[in-house]
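This briefing is for a reader who is meeting the structure below for the first time. Please look it over before reading the points that follow.

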Number of protein chains: 2
Amino acid sequence: MLSVVIFGYGNVGFHLYKAFQKSKDVQVLQVYSPSLKEHFKKGIHFTNTLNHIPEASLWIIALPDDVIASFSGKLPKTEAIVVHTAGSVSIQVLSNHKNKGVFYPLQSFSKNKKVDFKKIPICIEGGAKKDLKVLTSLSKVLSKNVVVISSEERLKIHLAAVWVNNFSNHLYHLANDFMDENALDFNLLLPLIKETSRKIEIMSPRTAQTGPAKRFDEKTLQLHTKLLTHTTHKELYELFTISIQEKFKTEHFGKKL
Amino acid sequence: MLSVVIFGYGNVGFHLYKAFQKSKDVQVLQVYSPSLKEHFKKGIHFTNTLNHIPEASLWIIALPDDVIASFSGKLPKTEAIVVHTAGSVSIQVLSNHKNKGVFYPLQSFSKNKKVDFKKIPICIEGGAKKDLKVLTSLSKVLSKNVVVISSEERLKIHLAAVWVNNFSNHLYHLANDFMDENALDFNLLLPLIKETSRKIEIMSPRTAQTGPAKRFDEKTLQLHTKLLTHTTHKELYELFTISIQEKFKTEHFGKKL
């Protein structure tokens, strides 16, 4: 059986704790977070200090990307494989540890939304072959989709994930605020949002593209930008139009010539 | 029983034809498209001319937004309710017709993706009460979600739909091309894309927002922009960062002060 200590009890730490707790193959020994009050729950030690970290198969740093390096430096020497869970952080920041790796579940976590790890791709990297072997075992406990990915590749995947997750969600946010401001029901858009994400399971995003920008429909584009009063949102609309038309200009003008 | 003529056999016309054909309450009398070869299929006349348009309960113009006005002008006088299916086009462009309306299914259609109309919101508008009554009957044949929406509101909904559908899909397109260029598998992102659209069924997009822009994580933001070489895509990344941070600056700086 593998044993783990989890550092961080934010969105990722929380869901890893929940998922490992359900498994018979992984034992969570301790959960650390500076904001936790010390207590025990089903034998697991929740703590806010780093004074008594138990040895384990893995120490998992599930903290925000920008604090991983400094946090890693605070940890004592250990035989455990020290891993972080971040998309954009190189394995190099863990170089002060003997055994190291990365365990990056490619998903967006929120505490109040249940997660089924089975289909989540887990991108792993090991400082050495033996580290990778343990990380593979740990990952396969949770997911059927485990891939070995280098730090350089992982950063690229993380960037693509930001496009499809953070930025898409921000578009939902803008649409939601816009609908609210105009006393319209945002729920009207939910079937469309669902369909948009489903479509690309059966066709490429290029094939799925529709709309006034792709059609070079100047009149509709102008009607829309007139409705936008906030500078950033107007710029965003115009930049999207440019970017979409860059992808389809050959097709469009080719057809017209 | 209602009878319809459909003008246009693109994404919308095609799916309306398919949906009405399945229904016992609506009879499709004719389908017109300039690119169709003349033939009959299950008693329905497919034609490429406007010489013999039968009278019907409704004539449905399912053509691109920017040709509806001029097409409407070409149609002969009729007792049918002439409707279009566009989000951004006012009912006014049909003012040459005695009976008129709008029938706007809020969904993105592609010919090679099946559509279940039941949950699709259908936004209707009638030139007169009696037109609206017929449009309501027609819409309820297809969907459980029928709403009366003015031309002004519809344009706003259409703009919001462009944000969540056209622009989100373009983000998928950019991510797909970026993954391909880096010899990475775009399919790795599909579970994340699905989850992103599902999340907002149980929480607001504001609550669902995560990522380096929201966290004001300068280091990660810089790592990402360095990876982007195409000007438009770099600008888009930077503008998204600004736009996301505008929404969260009070929360972020409030916490730090």
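The model is predicted. In it, 90 residues of chain B are in contact with 90 residues of chain A. The area buried between the two chains is about 9,300 Å², and a search of the whole structure finds zero disulfides.

**The interface of chain B and chain A**

- Carbon and sulfur atoms give 69% of the roughly stated area, about 9,300 Å², that is buried between chain B and chain A.
- Eight salt bridges are found across the interface of chain B and chain A.
- One of these salt bridges pairs Lys247(B) with Asp177(A), and the closest N and O atoms of that pair are 2.5 Å apart.
- Five helices of chain B each supply at least two residues of the side that touches chain A: α4 (151-181), α5 (190-199), α6 (205-208), α7 (218-227) and α8 (231-256).
- The helix that gives the most to this side of chain B is α4(B), with 26 residues.
- Sorted by class, the side of chain B that touches chain A has 44 nonpolar, 27 polar and 19 charged residues.

- Asn165(B) is part of helix α4 of chain B.
- The relative accessible area of Asn165(B) is 7%, which is under the 20% limit, so the residue counts as buried.
- The side chain of Asn165(B) makes a polar contact of 2.8 Å with the side chain of Thr196(A).
- Apart from neighbours within four places in sequence, Asn165(B) is in contact with Leu192(A), Thr196(A) and Thr210(A) from chain A and with Ser108(B) from chain B.

**Ala128(B), in a loop**

- Ala128(B) sits in the loop between β8 (122-126) and α3 (129-142) of chain B.
- With a relative accessible area of 31%, Ala128(B) is partly exposed, because this value falls between the limits of 20% and 50%.
- Ala128(B) and Asn99(B) are 29 residues apart in sequence, and their C-alpha atoms are 7.5 Å apart in space.

**Positive phi values in chain A**

- Lys42(A) has a phi near 50°, a positive value in a residue other than glycine.
- The place of Lys42(A) is the loop between β3 (39-41) and β4 (44-47) of chain A.
- Lys42(A) is exposed, because its relative accessible area of 73% is over 50%.
- Ala183(A) has a phi near 55°, which is also positive in a residue other than glycine.
- The loop that holds Ala183(A) runs between α4 (151-181) and α5 (190-199) of chain A.
- Ala183(A) has a relative accessible area of 71%, over the 50% limit, and therefore counts as exposed.

**Cysteines and disulfides**

- A disulfide is a covalent bond between the sulfur atoms of two cysteines.
- Over all chains of this model, zero disulfides are found.
- Cys123(A) has a relative accessibility of 0%, so it counts as buried.
- Cys123(B) is buried too, with a relative accessible area of 0%.

Conventions:
Residues are numbered from 1 along each chain as its sequence is written. Chains are lettered from A and ligands numbered from 1 in the order in which they are written. This is a predicted model: local features need pLDDT of at least 70, side-chain atom pairs count only at pLDDT 80 or more; totals for chains, interfaces and linings use all residues. Side-chain values use heavy atoms; hydrogens and water are left out. A disulfide is a pair of cysteine sulfur atoms within 2.5 Å. Buried means under 20% relative accessible area, exposed over 50%, partly exposed in between (1.4 Å probe, protein chains only). Contact means heavy atoms within 4.5 Å. Buried area is the accessible area (1.4 Å probe) that two parts lose on being put together, summed over both. A salt bridge is a side-chain nitrogen of Lys or Arg within 4 Å of a carboxyl oxygen of Asp or Glu. Helices (H or I, at least four residues) and strands (E, at least two) are DSSP runs, numbered from the N terminus. Ala, Val, Leu, Ile, Met, Phe, Trp, Tyr, Cys and Pro count as nonpolar, Asp, Glu, Lys and Arg as charged, and the others, Gly among them, as polar. A polar contact is a pair of N or O atoms within 3.5 Å; within protein, one must be able to donate a hydrogen and the other to accept it, and residues adjacent in sequence count only if both atoms are side-chain atoms.
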